[in-house]
Amino acid sequence: MKKKRQIALAVLSATVLVTMLISAGCAPKEEIVPAEEPLLVGRTLPLTGPYGETADLLNKGAKYWVERVNREGGLLGRPVKMILYDDAGSPDKQVSLLEKLITIDKVDFILGGYPTMGIQNQSPLAEKYGMVNISLGGSPTSFKEGFKYCFGLYQNAWGPVPMFDWIESTPEVRKDLKTMAILTMNNSIGLEARETCREWAEKMGIQVVVDDRYDLPLESADAMMAKVKASEADIFMSLSFFDDGVLQIRAAQLFDYQPKIFFQFIGASTPAFVEELGLVAEGTFSHAMACSDCSFPRLGEIHAYWKEHYDADAEYAPVYFMLGYLYPQILQIGIEGAGSYDQDAIRDYLKSHTITTVIGDITFRTDGWPNEVIAFNPQIINGNCVNVAQPEYGTPREPLYPHPEW
Amino acid sequence: MGYILTQSAIGGVVMGVAYGIMAGGYTMVWGAMRVINFAHAAFGVLAAYAVFYLLKVCGLDPLLSLVVVIPGLFALGVIMQELLIRPLANRARDITSASVVATLGVSILIENAMLYSFSPTPRFIATSYSLKSFSVLSLTIPATYLIVLGLGIISMGGLSFFLSRTRIGRGIRAVWQDEDGALLSGINPSLVNRIGYGIALATAGIGGVAMCLIQSFVASAQLSWMLLVWVIATFGGIGSVKGAVLGGIAIGVILNVGSVFIPRAYVTVIVYAIIIALLLIRPQGLFGNKASLR
Amino acid sequence: MSNIKSRLSKGALGVAVALIVCVPFFHPPIYVLTLGIAAFMYIGLAISWNIIGGYAGYISLATGAFFGIGAYSTGYIVTHYGYAMVFPGIILGGVIAGFIAVLIGYPVLKIKGPYFILASGLIVMGFRLIFMNTGFMGGPMGFFYPMIPVDIFTNRFIFYEVMLMLAAVIGFIAYRVQNSKMGIGLFCIREDEDVAETIRINTTRLKIEGFAISACLIAVVGGAWGCYHTHVTPMEGFDLWLSIMVLAMGLLGLGRDWRGPIIGAIVIVMLDQILSLFLFAELARMIFGLLMVLIILFLPQEGIIVYLIKAWERLKLLFLEKKKLEHS
């Protein structure tokens, strides 16, 4: 009997071993790379799933960058090819697909993930492999770990700050607003912005009457809207993504709740938002980490490209399209500035120089964050998401107040 | 406060009815065939996608799409009974345990097929009446709520009627209560099982239609829908359609009204604890009877 | 004759094991090590699961809960006291998990059969909900283990050997349980719990002990995973899907032998990893779902090891008979 067991075990071990060796055998062989071989840039994006609308724009922006870089001679002479995987917002996929990009596809560079949770999931992996990882950043949490290769640009906590700033400095508006309702998704993005909302509410003497959280995906906003409606809060902060944001607006319409100020965190700046909601979108405040109507270098060409390829009627390219271009642009500046494809050289260059990008000049600190706080709260006016109340950037425009009837 | 409580309770009742429709079919199969169909809600989500695409492509109203959903899911039910449940019943030592794992597998299969075909983007149903509502006193009753209530009354009333008044329905109950006796009275158990399963999945489909009218859905929702369906059926009682509906309403109200006071997640954990306690003290549920468990 | 054969097969076994241990020394591509780490981790989990699932027949979906407890406990220790304390941290994770297993197990193990499967699933969901909604250890955002200051290949090398060693230790513990009085008691519970009770076996105590040992080991693996993955969130730490996969692995090898789940784990991990990476994850999971159905429909009750052995015997008999016919 023992003998049979031994045999079974031996067969088993052999199977394991053989499988391992076969996978090892299938490894791509190292080759000498001729100069015309393209540089591979790898990334994952949640193209499907609850973050899809904004991720799609990021992807379009990055594809424009690839086209443009190749048209202008490539990165230090070599053309660029992008490998993109859809991670659907799932943490497992974000990690395993990034690892696949690095170890199996053998990409030369990576771009950071999206959204904040994706960045948090992928940062440790990028750090372990020593690869420069440029993304929107989102949350300072991972950056506090002392990661050296990660670069961020925007913290979720800055989300509603410009809008609150405007309220505070406009007396006729401020005295009109006494109460605030906050509905936030239960993740880094929502929770960090919520902290900011609470701080500012306290600062301005505004009472927070509803403060609820929900897990994504949100199935129904009805239960929460009952509370918000009962509170008749003046300010409605919907710290949500696209789909849950739309659900909340619809619930507000259905239950006839009319706020004086309505803020929808992520998604309202995409063209799909206005398409989906039409006139109902009018007056919605949103967030942006880029100024559409500023005159930074190359920005005009980005707007022109969007008009030509996607929407001839648009005044500007959507913010997320600009950002889609921005992240690889920073990588490009790093490579060209360092004169090398080496990750460490790129990292060091980016942390020791002020660089000029489509969102302005950026100086990265050693912790990977910029010195500059670049945050806007545009508003949807006449169907366009435009900058308001920030005269130091572009054309000053008066915000629409109070929020129009649904 | 009164407004919030009443409005939440109304939302809870309607949500509970929608879940209850699904729980009704589930509990019938559980009682009659001792089969725990963990894929029940996955079929509901499938029906919701059918509604979505029929609306998008043909402009078909969700209620009219029932014409497609009901026979379609009935057919799937018969197929599932023949391909999976019957062979399982013949081979397994304990059909109930075996069915949990086997149908869990089926639910994973269906969920991922749907994920691949329809993508993980959340969907909602927007019809001309999605944003219409009625004002009663100071309360808001969306039109969709009334439709779901109507669906619940018709489908569960129909199911009850079927089980107690029609020949086949009574056959299902007879097989459940006394299999040998049923055989002796000339009832054909395989026909009865096939029809029973078909009807169960058809009601899962109706439940799915009801659900998509009041909330957004996505392929991976099948697991959270199923957990709640199972909780409601366990609460309401094995085999009891009445229990499923009342249990649904009870759980729906507890979840909604509870979340006015404490975060919804905690209410959910409390509900789980209640169910575990129930499984220990009275595993046949409120309206089930003990004999059905063995 | 049989002596030489048995020595040969022992030798073959030894060589195979040595080769597996030494794979990293051949400097294979990193994804081979990544695959190995996943495989050994699931082997450890599946063998631990089997102590309550296979030996006692209590098919549990609570694996994810104890895995998360391990990841969080070890994480707490490591983030506060550094990697110097990682071993006490992992042990602490095991102890806490065992303790919780006893606490929760006492009521939940009284639930029989199919309802136990579902109730144990609620445990994972409950933990996830609680951790997602309290601020403990970062709430929904989770927390990071500090980075181990070595290059990536060395990192993967270390964890390959660690997971392999853990799987071996867990296998040994399961082997000891299997051949002990406790093991026999658990087998009796699986056969027929009521009868076991009548012959004066303290089923409650045995079940809880089995559940607790299983939980401890699962949490230890969870702690090791935390150090490897370095980022722990309630979504990833308390994962029902992990429970489902481990359940399927255990069922594939369901039986009274600690080696059964090894095969289950390898088959499913290979399937999942290779299909997910090279085709797409949904297909891997669809096949997984189908596999679960097929396992329940067609796999014999006594488990895959015994089945394979019997099949092998039958094959040999057939071969011998053929030879006899040829000679005569």
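Colleague: How much area do chain C and chain B bury between them?

Modeller: The size of an interface is often given as the accessible area lost when the parts come together. Here that is the accessible area (1.4 Å probe) that two parts lose on being put together, summed over both. Carbon and sulfur atoms carry 82% of it. The total for chain C and chain B is about 3,300 Å².

Colleague: Which residues of chain C lose the most area to chain B?

Modeller: Three residues lead on that side. Together they make up 21% of what the side of chain C buries. They are Tyr115(C), Leu118(C) and Leu122(C).

Colleague: What kind of model is this?

Modeller: Residues are numbered from 1 along each chain as its sequence is written, chains are lettered from A and ligands numbered from 1 in the order in which they are written, and side-chain values use heavy atoms, with hydrogens and water left out. Local features need pLDDT of at least 70, side-chain atom pairs count only at pLDDT 80 or more, and totals for chains, interfaces and linings use all residues; this is a predicted model.

Colleague: How many salt bridges cross the interface of chain C and chain B?

Modeller: A salt bridge needs a side-chain nitrogen of Lys or Arg within 4 Å of a carboxyl oxygen of Asp or Glu. The search over all chains finds 23. Across the interface of chain C and chain B, the rule finds zero.

Colleague: How many residue pairs are in polar contact between chain C and chain B?

Modeller: A polar contact is a pair of N or O atoms within 3.5 Å. Within protein, one atom must be able to donate a hydrogen and the other to accept it; residues adjacent in sequence count only if both atoms are side-chain atoms. Between chain C and chain B, with both residues at pLDDT 80 or more, the count is two.

Colleague: Which element gives the largest share of the side of chain C that touches chain B?

Modeller: Helices (H or I, at least four residues) and strands (E, at least two) are DSSP runs, numbered from the N terminus. Elements giving two or more residues to this side include helix 4 (86-108), helix 5 (113-133) and helix 13 (281-298) of chain C. The largest share is 12 residues, and it comes from helix 5 of chain C.

Colleague: How many nonpolar residues does that side of chain C have?

Modeller: Ala, Val, Leu, Ile, Met, Phe, Trp, Tyr, Cys and Pro count as nonpolar; Asp, Glu, Lys and Arg as charged; the others, Gly among them, as polar. The side of chain C that touches chain B has six polar and five charged residues. Its nonpolar residues number 26.

Colleague: At what angle do helix 3 and helix 5 of chain C pack?

Modeller: Axes are lines fitted to C-alpha atoms, for helices over the stretch in contact (heavy atoms within 4.5 Å). Angles run from 0 to 180 degrees between N-to-C directions. The axes of helix 3 (residues 63-81) and helix 5 of chain C are 8 Å apart. Their angle is about 35 degrees.

Colleague: Which residue of chain C meets Glu99(A) in a salt bridge?

Modeller: The pair crosses between chains, from helix 3 (residues 91-103) of chain A to helix 6 (residues 152-178) of chain C. The N to O distance is 2.5 Å. The partner of Glu99(A) is Arg156(C).

Colleague: Why is one side of strand 9 and of strand 11 of chain A left without a neighbour in the sheet?

Modeller: Two strands pair if DSSP finds at least two bridges between them. The open sheet has four strands in the order 9-8-10-11 (chain A), with parallel pairing. Strand 9 (207-214) and strand 11 (261-264) of chain A stand at the edges, so each has a single partner strand.

Colleague: What is omega for the peptide bond from Leu216(A) to Pro217(A)?

Modeller: Most residues other than glycine have a negative phi, and most peptide bonds are trans. Pro217(A) is in the loop between strand 9 and helix 9 (222-231) of chain A. The bond from Leu216(A) is cis, with omega near -5 degrees.
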